[in-house]
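The sequence and structure come first.

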Amino acid sequence: DFGPLMAGNGPARFQYWPDRRGTGTRQLARTLASEDATVLEAATLAEKSVALGDLQALERLLTDPDAFIERDAYRCSYAAAIAALQASRAAELDTAWRAPDGFANLVNGAAAGNDAYYDAREAARDYLDALTHGLERAAAGKLLPVLGDAPEDSRPRAAESWRNGLSTANIVANLETLEALLTADGGFADLAATGGDPLIGRTLAGMITDARERLAALPVPLATAAEDPELHAELLAVADLLTRARSLAEASLARAVGLTAGFNASDGD
């Protein structure tokens, strides 16, 4: 993750996930119990904890069949405020990239050096790290924690967006973006071919496409598939495919384009 996405509270301002300690759940429960009026307007909600104005909170308000089943006026107003806040943040992020003086211009002008990048290699390294980290997050962050070693060890509620059944669609969308980093004109596949390796880009793109199509073909949501023996085995195979793709990107692709993949937040110190 890099660029305007990292401003403020970073990606957490859109989705505070994974919430392993249940912080958002507790904050949301207290807010609903007290009917705090400051979460009913986007402007005041923006000043609250990110867990009260993110997509996780919106998902619970709209879909949770247990804890928040009532559809009263307060909950409806709160959900509308979250939607308005998230739409505003998305628009701000888009503008921060696309404006005449936005981050996209810093990337495009990196070869000459600017406030964001010393040279074009540094900018390209951010994109390579986005590719490798994205592959890791799909496998180690979104699939394996749900699967466990066997169907009986699966943790369906560890899936992103499990309440609304969008877990698989989220990963598919992530993989579409990673494919684009490889296959776009001037993308990593083209750079690798120019560097003397015309196969690595196509190989990686093919692996990601295979994983994406297999996930899209699942007949049931990820949380349900994890508990099915046959589908569990398929999901483990997809996770392994993505893990191998990450290793190839870090080694062979990085070498072909003359870069070294950097550390990311999941690497620790």
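Predicted model: local features only at pLDDT ≥ 70, side-chain atom pairs only at ≥ 80, totals over all residues.

## Basis of the model

Which side chain meets that of lysine 48 in a salt bridge?

Residues are numbered from 1 along each chain as its sequence is written, and side-chain values use heavy atoms, with hydrogens and water left out.

## Charged pairs: overview

The structure holds eleven salt bridges, a salt bridge being a side-chain nitrogen of Lys or Arg within 4 Å of a carboxyl oxygen of Asp or Glu.

## Charged pairs in detail

Lysine 48 pairs with aspartate 36, at 2.9 Å from N to O. Helices here are DSSP runs (H or I, at least four residues), numbered from the N terminus. With 29% relative accessibility, lysine 48 is partly exposed; that class lies between buried (under 20% relative accessible area) and exposed (over 50%), using a 1.4 Å probe and protein chains only.

A salt bridge also joins glutamate 136 to arginine 246, with 3.3 Å between the closest N and O atoms. Because glutamate 136 lies in helix H6 and arginine 246 in helix H11, the pair ties together parts 110 residues apart in sequence. Both residues are buried. A network of salt bridges links Glu136, Arg246 and Glu250. Glutamate 179 and arginine 212 form a salt bridge at 2.4 Å, N to O, linking helix H7 with helix H9 across 33 residues; these two residues are buried.

## Nonpolar cores

The largest nonpolar core has 42 residues. Such a core is a set of buried Ala, Val, Leu, Ile, Met, Phe, Trp, Tyr and Cys residues joined through side-chain atoms within 4.5 Å. At least two of its residues come from each of helices H6 (120–147), H7 (167–183), H8 (188–194), H9 (200–216), H10 (222–225) and H11 (229–256). H11 gives the most, with eleven residues.

Leu143 is one of the residues with the most contacts inside this core. Not counting residues up to four places away in sequence, leucine 143 touches Ala138, Ile171, Leu215, Leu222, Leu235, Val238, Ala239 and Leu242, where contact means heavy atoms within 4.5 Å. Another core, of 14 residues, lies apart from the largest one and includes Val39, Ala57, Leu58 and Ala79.
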